[in-house]
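Try each task before you read its solution.

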Amino acid sequence: MTKFIPFALPEIGEEEIEEVVDSLRSGWVTTGPKTKQFEKSFERFIGSEVEAVAVNSATAGLHLALEAIGVGVGDEVITTTHTFTATAEVVRYLGADIVLVDIDSETLNIDTEAIREAITSKTKAIIPVHYAGLACDMDAIINLAAEFGLKVIEDAAHALPATYKGKNIGALKSDVTVFSFYANKTMTTGEGGMAVTKHPELAERMKVMRLHGINRDAFDRFRSEKPAWYYEVVAPGFKYNLTDIASAIGIHQLSKLPSFLKRRQFLADRYHTELAHLPLVLPARAPKGDVHSWHLFVIRLKDDAPVNRDELIQVLADNKIGTSVHYVPLHRHPYWQDKYNLVKEDFPVSDSAYFTMLSIPLYTSMSDEQQSRVISVLQETLR
Ligand SMILES: *Cc1c(COP(=O)(O)O)cnc(C)c1O
């Protein structure tokens, strides 16, 4: 009996389990000392004196980031059509409009020239997504934002850790960068996310808004004069705080991230070598000296491949190998299509990439033997 190889799998060790048990035994299960510790460790990991704000999902982090920069009704925010719906839905939470643009055919990242063409007098912000863990062309995006007075919120759900021109994603000159700790990401807390920023006023606003709009700093300032039960609500905030149970997992996942990355790089390199001669477009690597997180390994079938994408997924499934597709582009989802009258002709690169792409298994606990099985099936099917 061959065992099923899932598309993705978290790697949780005894350290995480013991830390969670410690939280449970301590009686402090919601946001507390472990979350503070997790934020401090995350700040050190990213460097460049960023402030980290732990949240219960990247979606929550993106929402808080957009709220903090003042996105609201009448504003437009530009992002890629080739992303998860969370990137765009948060813009609608605030009553603003999303403007989707096409991607670059090589990197599958947002097309910078398409951003320029989409800018109007209503544009407030750009949300680049570092697709699969490869950094976007951030100099171009940040320059464009400066030229038009726009904010930049990075969706770095795939990009932990990744670098751009030698700097960690999270430490660039954008306004806020948001990471995800969802179960299939490069590290996990079950559910969770982290928003990082170099701007203290944005960090403060996100901290206030992640917990009901309660102004803790004001509370602390007046602590000596006010009783312990007193607090002040300064805005209708959200319930987006991360629990200490989740942070207990995150503390250890973060410390394992360098070794997780090594394993992902090894698996990605091996796929690149072993699949090079097949009728496939293999994923773009990071420029020399930079880090690709290898959250995803997305292959695209060339025209001369003997099977189509759906057939290949079926062959892999028949061989007990899990796959996924990242993504059904947003312009093909009923809500986005109807809301903005989107047509596929406006997104030719994303649209054609979608029909030929699939993501193959890549996760830290994947064994060499498991990867050999994936490689063999691809070689036998595509040669
Ligand atoms: C996973 C993901 C998100 C959402 O992350 P959550 O932590 O699940 O909210 C947002 N954007 C992209 C590109 C993602 O892959």
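**Exercise 1: a sheet**

Three strands form an open sheet in the order S10-S11-S12, with antiparallel pairing. Strands are DSSP runs of E with at least two residues, numbered from the N terminus, and two of them pair if DSSP finds at least two bridges between them. The model is predicted: local features need pLDDT of at least 70, side-chain atom pairs count only at pLDDT 80 or more, and totals for chains, interfaces and linings use all residues. Residues are numbered from 1 along each chain as its sequence is written, and side-chain values use heavy atoms, with hydrogens and water left out.

Solution. 
1. Strand S11 (residues 298-301) is joined to S12 by three bridges, and the two run antiparallel.
2. In that pairing, Val298 is opposite Ser359 of S12.

**Exercise 2: the ligand**

Task: find which polar side-chain atoms lie by oxygen atoms of the ligand.

Solution. 
1. Look for polar contacts, that is, pairs of N or O atoms within 3.5 Å.
2. For Thr59, a polar side-chain atom is 2.5 Å from a ligand oxygen.
3. For Ser180, the distance to a ligand oxygen is 2.7 Å.
4. For Lys185, a side-chain N or O atom is 3.2 Å from an oxygen of the ligand.
5. Finish with the area: the ligand alone exposes 380 Å², and the protein buries 92% of that (Shrake-Rupley method, 1.4 Å probe).

Key. A polar contact is a pair of N or O atoms within 3.5 Å; within protein, one must be able to donate a hydrogen and the other to accept it, and residues adjacent in sequence count only if both atoms are side-chain atoms. Helices (H or I, at least four residues) and strands (E, at least two) are DSSP runs, numbered from the N terminus.
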